[in-house]
Amino acid sequence: MNCRSVQKRLSAYQDGELRPGEQERIMEHLKICRTCREQYAGLERVWQNLGGLLEIQPRPGFYLKIRNKINEAHGRGFLPRLRPIFQLLPAPLAMVPLLAIGLLIGTYLGYALVERGLSPFRHSPVSYFHEEVTLASLRAFDSMPPGTIGDGYVRMVSYAEEVYR
Amino acid sequence: MGDQLDKATPSEGLLAKAAEGDKDAFETLVSRHQTSVLNLIYRFIGNRADAEDLAQEVFLRVWQAARTYKPKAKFTTWIYRITINLCFNELKSTRRKKLFLFRRSRGEVPGRDDEYFTEHAEKISSPEDLLLSAERNRQILNAFQQLPANQRMALVLKRFEGLSYQEIGQILGCSVSAVDSLLVRAKRNLREKLTSYEK
């Protein structure tokens with residue numbers, strides 16, 4: 001066994017997770033290889049350090065608190081039971097239905113305000129050169145309807161022609 | 001709660017009795033597993049108060065799920081799965097709180113010394129030893145908290161619960177080789193972090 005393959009297996013060797021033959025081969029290698037032995041000593045130090053973390057004990061009344069939580073859970077209504085489902089949703093996904101509801105309410109209220117004439121943005125009837133726009137007055141099919149840049153240009157040219165004539 | 005119930009009945013049997021509403025059986029079950037569940041959570045999240053809350057939540061879930069429990073796996077595997085799911089959820093919600101509320105969570109103070117002193121004052125002889133031991137405990141917990149969550153959990157399950165790679169794989173939902181690679185990386189990372197503390 002070379003050092004590379006031994007070092008790959010050192011963690012499993014430490015945890016006793018290798019097959020018996022493999023475990024023994026690594027043990028033999030560690031006896032003769034200083035580099036691998038040092039690597040293994042490093043792992044052992046980590047293991048011992050972790051052992052320095054002492055165990056904590058539950059505070060008195062631990063079981064009583066569990067019983068209280070059980071009683072509370074029994075008395076819960078319908079909505080709090082749905083909370084875990086909502087907790088599963090990431091925040092942006094949860095915002096989508098909220099946004100949709102907001103848009104619906106906004107559209108409905110806006111429509112209702114306009115219908116009753118209560119809109120804060122009261123609009124005057126569209127006028128076009130002080131004329132009320134009706135289908136009859138709308139010269140949309142003219143080649144150059146009045147008020148457009150093209151119409152202004154044509155007028156300007158014809159005025160210039162009259163002047164120079 | 002009788003001693004007979006305490007020692008002879010396996011945890012699966014206690015759970016079956018708890019499912020029928022036997023509160024004594026449930027209490028025995030809690031007292032049998034409370035320390036390991038509490039320490040598993042404490043070592044993972046590094047805060048005693050949060051760990052105790054979560055451990056209570058674990059037993060609440062056990063009570064609620066007792067009726068639907070099917071003994072496919074060992075009871076300990078099942079309860080550790082519940083514990084780990086809650087731990088990872090807690091971690092996610094702590095991150096979310098940090099992201100949206102920009103506030104420090106309670107989990108950011110691993111191994112506070114005052115907690116340690118009250119917990120271990122009786123076990124350690126002199127005040128100097130207690131102080132040194134508390135400092136070392138804080139350093140290890142700090143280094144531990146910096147590991148990625150899945151490496152941390154694999155290491156806790158191996159080092160403190162003494163589970164095999166196969167059992168860890170069942171609990172974490174991954175293969176034996178994945179557990180091996182998680183542990184290799186966890187030990188290497190922890191060794192580097194602890195060496196930097198020693199310097």
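Predicted model: local features only at pLDDT ≥ 70, side-chain atom pairs only at ≥ 80, totals over all residues.
# Two chains and their contacts

Visitor: How many salt bridges does the rule find across the interface of chain B and chain A?
Guide: The structure holds 12 salt bridges over all chains. Across the interface of chain B and chain A, the rule finds 3.

Visitor: Which elements give two or more residues to the side of chain B that touches chain A?
Guide: Chain B has 10 helices and 0 strands, and from the N terminus on its elements run α-α-α-α-α-α-α-α-α-α. The elements that give two or more residues to the side touching chain A are α3, α4 (48–65), α5 (75–101), α6 (113–120), α7 (127–145), α8 (149–159) and α10 (176–198) of chain B.

Visitor: How many charged residues are on the side of chain B that touches chain A?
Guide: On the chain B side, 46 residues are in contact with 33 residues of chain A. By class, the chain B side has 21 nonpolar and 8 polar residues. The charged residues there number 17.

Visitor: What area do chain B and chain A bury between them?
Guide: The size of an interface is often given as the accessible area lost when the parts come together. Of the area buried between chain B and chain A, 62% is on carbon and sulfur atoms. The area itself is about 3900 Å².

Visitor: Which residues of chain A are in contact with B:Phe26?
Guide: B:Phe26 is one of the core residues that touch the most other members. Leaving aside neighbours within four places in sequence, its contacts in chain B are B:Ala18, B:Phe59, B:Val62 and B:Trp63. In chain A, B:Phe26 is in contact with A:Tyr63, A:Ile66, A:Arg67 and A:Ile70.

Visitor: Is A:Asp15 buried or exposed?
Guide: A:Asp15 is placed in the loop between α1 (3–14) and α2 (20–32) of chain A. Leaving aside neighbours within four places in sequence, A:Asp15 is in contact with A:Trp47, B:Lys158, B:Tyr165, B:Leu183 and B:Lys187. With a relative accessible area of 11%, A:Asp15 is buried.

Visitor: Which backbone oxygen does the side chain of A:Gln23 reach?
Guide: A:Gln23 is found in helix α2 of chain A and counts as buried at 17% relative accessibility. Leaving aside neighbours within four places in sequence, the contacts of A:Gln23 include A:Gly16, A:Glu17 and A:Leu18. At 2.9 Å, the side chain of A:Gln23 reaches the backbone oxygen of A:Tyr13.

Visitor: Why are A:Asp151 and A:Arg155 separated by about one helical turn?
Guide: The side chains of A:Asp151 and A:Arg155 meet in a salt bridge (3.5 Å, N to O). A:Asp151 counts as buried at 13% relative accessibility, whereas A:Arg155 is exposed at 55%. They are separated by about one helical turn because, in helix α7 (residues 149–164) of chain A, they are 4 residues apart.

Visitor: What is the relative accessible area of A:Lys31?
Guide: A:Lys31 forms a salt bridge with A:Glu28, the closest N and O atoms being 3.4 Å apart. A:Glu28 counts as partly exposed at 45% relative accessibility. A:Lys31 is exposed, and its relative accessible area is 56%.

Visitor: How many strands does chain A have?
Guide: Read along the sequence, chain A follows the pattern α-α-α-α-α-α-β-β-α. Buried residues make up 22% of its 165 residues. Chain A has 7 helices, and its strands number 2.

How values were computed:
Residues numbered from 1 in each chain as written. Chains lettered and ligands numbered in written order. Heavy atoms only, no water. Core = buried A, V, L, I, M, F, W, Y, C linked by side-chain atoms within 4.5 Å. Buried < 20%, exposed > 50% of the residue type's maximum accessible area, 1.4 Å probe, protein only. Contact = heavy atoms within 4.5 Å. Buried area = accessible area lost by both parts, 1.4 Å probe. Salt bridge = Lys/Arg side-chain N within 4 Å of Asp/Glu carboxyl O. Nonpolar A, V, L, I, M, F, W, Y, C, P; charged D, E, K, R; others polar. Polar contact = N/O pair within 3.5 Å; in protein donor to acceptor, adjacent residues only side chain to side chain.
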